[in-house]
Each structure stands twice: as C-alpha cells, then as structure tokens.
Amino acid sequence: KMLENARRLRKGIPGCPKVEMTSGLDFFKRLGERVKDNKHLPKWVSELYLEYHRGTYTTMGRSKRYNRKAEFLYHDLEVLAVISDVATAKHEYPKEALRKGWKVILLNQFHDIIPGTSIEEVYEESYAQYEELLEEGKKTQNKLLDVIACNIQSKGLSVMAMNTLGHKRNDLVYVDLEELPNHAYAVLYEGERYPLQRLDGGIGIFYGRNMPGSGYRTYTLVEEEGKRENQLIVKKDHLENPFFVLKLNEKGQITSIYDKKAQREIIHTEKPANVFQAFEDKPHKWDAWDINIYYQEKMWEIDELEEIEVVAVGPVRGTLKIRYRYMDSIILQYIHIYQDMDRIDFETEIDWKETHTLLKVAFPVDVHTNKATYDIQYGNVERPTHWNTSWDVARFEVCGHKWADLSEEGYGISLLNDCKYGYDIKDSVMRLSLLKSSTWPHPTADKEKHLFTYAIYPHMGNVKQGNTIEMGYQLNVPAIGKLIPPQEGNLTEDYSLVELDQRNVFIESIKEAEDDDAMILRLYEAMHQRGFVTMRLNVNVDKVFLCNLLEENIEEVQVNNHILTFEIKPYEIKTFKVYKSKR
C-alpha cells in the first residue's frame, strides 16, 4: 500500500510534495551536502528517549532470554575457536557455522520480533530457530572445549576453568562430575585446598581464583580430607555469609540486608525488598508495545507464600527456596548466597497464566542519589531518579542491559539480570520489569514458563569503582569447567590470549576477520576515562592494524615483543586486526 502511494505521489498531486524513492545512503549524502556549512545546525546531547512503546523492553520474555543467551553463546564460540586455533596450530575456525548462527540471531532482532510485537506464528518459527541455533552452538562449544582440554599438560585429575571474558576474574565455576565417584572433592590453587560442592544433576561448583581473561586456568582436583565446616547460615528467616546478613519476614520478603564490610543496612527500614508486584496493564492503544504511566494506579503485592524451604547449605553456596501463588500463576525462587562471592542471586522460575498484568520486582534501598546508571551497548548512561520535569516523568520506564546502579559517594547497589531489559527506578526504589502479558497481536503472549536470574550486588565506591561492569558480565557469562585426566600436552596449565593493563577497558569481541584469517579484537572504554593502554598478545604476531568496524585497515600499529600501546578516549570503541605469524 505504501509503495503504491509512493508511486502515485512521485507523479505529483496538487498541494503535495513530490516523492522520490531512493536509498538511505543517498538521502544522507544529500543531507550532508545541504547542512555541512550551517553554523546554526542544532546539536543534541544525551540519549534520544522515545516517549512511547516502553513495553517492548519486556513483552515476550522467552524471546528476549533466547536473544541474550544466543548473543553470549556465539561470542563464547568465537573466543573458543580462536584459542583452539592457537592450541592446535591448525586453522579449523568454524566460520560458516558461526556466520549461520549470527545471521539467525540478527534475523530475530528484526524490529517486531525482539520487541515482542509480532503475531503468534512468528514466535512459533522464531523459537524453533533459536532452539536449533542454541543446540548447535552448544555442540560446537563442547567440541572446541574438548580440543583445548585435550592439549593441556596435566599431571593429575584436573579441572580446566575457561574464562571467555576479557578480564581476569574470581568467580564460580560449574563442572560436570557425573563420571566421577560420589566422593567429596576439593581444588588446589597455589598449595591451598578450596571446596567443591556437589549440586543436583551431577554438577559441581567451586570458586575459581585468578582466572585469566580470554583464556583458562587449570586446578588440580583432589579428594577432600575430612568434613569441612560450613560457614554459611541458611534458615527460613535468616541467611548469612562473610559479606551479608539477610532477614526475611513471614511472607518470605527481605526486610534487611546488612553489609558487614561497609557496616551499614542497605534496605529501606520501612519497606521490604525482593517484593513481587503485579500491576493492571491496559494501554490505551498499543497493547504489546506500550506501558502507560497510569499502570501504577492499580498494584497488588504478591505475598501468598505457599512454601519456604532450605535446600542447600554447602561450603560454596547456600540456597533458600520460596514459592508464591498469584491467582493461577506460580512463582518459584531460589535465593543463593556464597561463601566467597559478595553477590546475592535470585534464580527464578515462573509459570505465568495471567493477561494484561505487568510483573515487577522491587528493592527499596537506602542509597541517597538523584541519578541512576544503566548498562547499554559499549558503555552506560545516567538518568534521573526524580520527576522534576515533564521529560523526567516521561522516563518512568527505561531500558538497560545487564545492570542498573544507584550509588552515592563511596557506596552503591547494583541490580543485575541475565535476560531482562526494562527498569523503573524512582527515588531509592529499584524495580526490574519481569513479565508483560498482553493479548494483542499475540493472544497468549508470555502465558508460559519463564526462567531468569537477577541479582543484588552491593559494593564499595561508585558504579565504576565497584566492579559492577565486571559482575554484570560474569552473571551473564559463567566460567566453564571441564574435567581433564592426567595427560601430556603442548599447552601450559594456564593461558591468556590477550591481556590489558587497564580495568576501564573491556574486550567485547575476539573473532576471526570476515575476509581473511587474521584475528579481530574489539574493545571499548567503559568508565569515561582517557589514557594509555598496554595490550599483550600471547600469540606469534606478524602485523597489527587499527581498523574500523567494517574491519578495513586504517593504519599499522607498532608491536614490540608481543606488546602494543595505544591511547583511548572516553567510551571510545577500538578495533584491531592481528595478523598471526606463520612461524
């Protein structure tokens, strides 16, 4: 219909401008010529916030989960494939398989699929595509891990902990223990024994120390000597680890989180936290697209507690299980605290049966600030937490990726997630949008089972000093553990493909170049700082070029003994093309 209208308008209608169909590139070239010398051309600073379609951050939760998981899985595959090439000195990069997967991911980021605003048949096809590419991606991941693991020198039974993120990390490592006898095990690191806890399903978990970025560390696995005394406390109304003391009321809601290190309470004394809130959600026009501000007028607190149970108290993790009912829906949650990690995880399963209901979770925190910081692609953005102006009020629902943060001078609290995008932070109440169950254009949108995890991460310093960016990545990209038998190999017990000396710079992508077998490194500055960065490449290097996002070379960069130094500006993205030596 639009094309037919354009053909008619091209011929001319009295009183209407003539229309010409051209490419976007031609339009912008013509526009550039017209305005290049105009000194009065206005400049807009900050984001272009669309005061509309705020529900698209949340509608069709499974689609958004599949998207997040697929993006990070195929990121991991690229990193593993490059490391695998280095490990074997063979060029077996699965370029076509990766390209095929990325094309499907990008196809499903079409502007009506990923926002959740397509018809039912679209999601039937989209989910089948996602599930196939995730399954194929997992198979490729296992093959690449096997290739690397088979080449590592190991004097005894060991665990390879693979870290596909670009920064060093201390973090949880999950490893399949089904092939091992049902003994208690520990991992050795620098002569010290650290516990390995068995979980359901034959999975083990331990806290990996000093895992190098874009690489792996190998830990020797030994049988535990005697019974280790647990320091975690998990009760129905009380959870405690070396970092926090949590108190719960009779409804299973959190009434207190006391930070032992900072010696302060972080939850508002008058309101409980981790409270599920259901809102009537009936937009006046676009059902799946919109959230209108009047949704806040009708809210029901979900507090019909059906079950609360301690399910695990181990040397690594303690878990409390909570089950709520809301009308015909069930919310099942596992609250995890850790012996060595200062993060509280809320692993959540929801069987949702409702319509025209917006589900959020609320954390009223004791932090004084008038702005919140949100994770976005290649950086972050600040937005007000007050409603001083009409523009402030309009931002009653905003988008963010892996985290949002409230920080005052010297202390802050981050709300992390592994597949959600809608946030609502006003004054000191942090809320994450979980589900939005519209009926048009998909009549049963979100009426299904949902899986997701969000987390609370209190920290010293502000958002940039407090490792929030690293923790957001780590929640989304777990370290991967793999058992290694005693074996000969040509790889050392630990390895890092790329090392950076500045913590404000993050490696976002490591992959093979699109048009040749060079290695692409894409990184960005995340903390609004400029300065010099030293990068060490632990591969044999022939030449390195600074290139653009299309991987076109701009200029050659000097490399001395595997090390190159470059300057980076606040929030700048840099891409390097590394030609590996054939020696």
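The model is a predicted one. Thr 117 has a relative accessibility of 5%, and because buried means under 20%, Thr 117 counts as buried.

The side chain of Thr 117 makes a polar contact of 2.6 Å with the side chain of Asp 112. Apart from residues up to four places away in sequence, Thr 117 touches Thr 56, His 111, Asp 112, Tyr 123, Ala 288, Trp 289 and Pro 441. Tyr 123 is also one of the buried residues of H5.

## Helix H5

Helix H5 has 30 residues, which should span 44 Å at 1.5 Å a residue.

The buried residues of H5 include Tyr 123, Ser 126, Tyr 127 and Tyr 130. Further along H5, Leu 144, Leu 145, Ile 148 and Ala 149 are among the buried residues. The buried residues of this helix pack against two helices, H3 and H4. They also pack against strand E1 (158-163), strand E6 (215-223) and strand E27 (479-484).

## Helix H7

Helix H7 covers residues 468-476, and nine of its nine residues are buried, so H7 is largely enclosed by the rest of the structure. The buried residues of H7 are Thr 468, Ile 469, Glu 470, Met 471, Gly 472, Tyr 473, Gln 474, Leu 475 and Asn 476.

E18 runs antiparallel to strand E12 (residues 275-280), and six bridges join the two. In this pairing Glu 280 is opposite Thr 357 of E18. E18 is also antiparallel to E25, with seven bridges between them. Here Leu 358 is opposite Lys 436 of E25.

## Arg 431 in strand E25

Arg 431 belongs to strand E25 (residues 429-436). The relative accessible area of Arg 431 is 12%, and since buried means under 20%, Arg 431 is buried.

Two polar contacts involve the side chain of Arg 431: one of 3.5 Å to the side chain of Tyr 295, and one of 2.6 Å to the side chain of Asp 424. Setting aside neighbours within four places in sequence, the residues in contact with Arg 431 include Gln 277, Phe 279, Gln 296, Leu 415 and Gly 422.

## A five-stranded sheet

Five strands form an open sheet in the order E30-E31-E36-E33-E34, paired antiparallel. The edges are strand E30 (505-512) and strand E34 (553-557); each has a single partner strand, so one side of each has no neighbour in the sheet. From one strand to the next, the twist averages 30 degrees.

Strand E33 (residues 541-547) and E34 are antiparallel and are joined by four bridges. Val 544 is placed opposite Val 557 of E34. Helix H3 (residues 61-88) lies across E30, strand E31 (519-525) and strand E36 (573-580), and runs at about 65 degrees to E30. H3 is also one of the elements against which the buried residues of H5 pack.

Technical notes. Residues numbered from 1 in each chain as written. Predicted model: local features only at pLDDT ≥ 70, side-chain atom pairs only at ≥ 80, totals over all residues. Heavy atoms only, no water. Buried < 20%, exposed > 50% of the residue type's maximum accessible area, 1.4 Å probe, protein only. Polar contact = N/O pair within 3.5 Å; in protein donor to acceptor, adjacent residues only side chain to side chain. Contact = heavy atoms within 4.5 Å. Pairing = 2+ DSSP bridges. Axes fitted to C-alpha atoms, helices over the stretch in contact; angles between N-to-C directions. Expected span 1.5 Å × (residues − 1).
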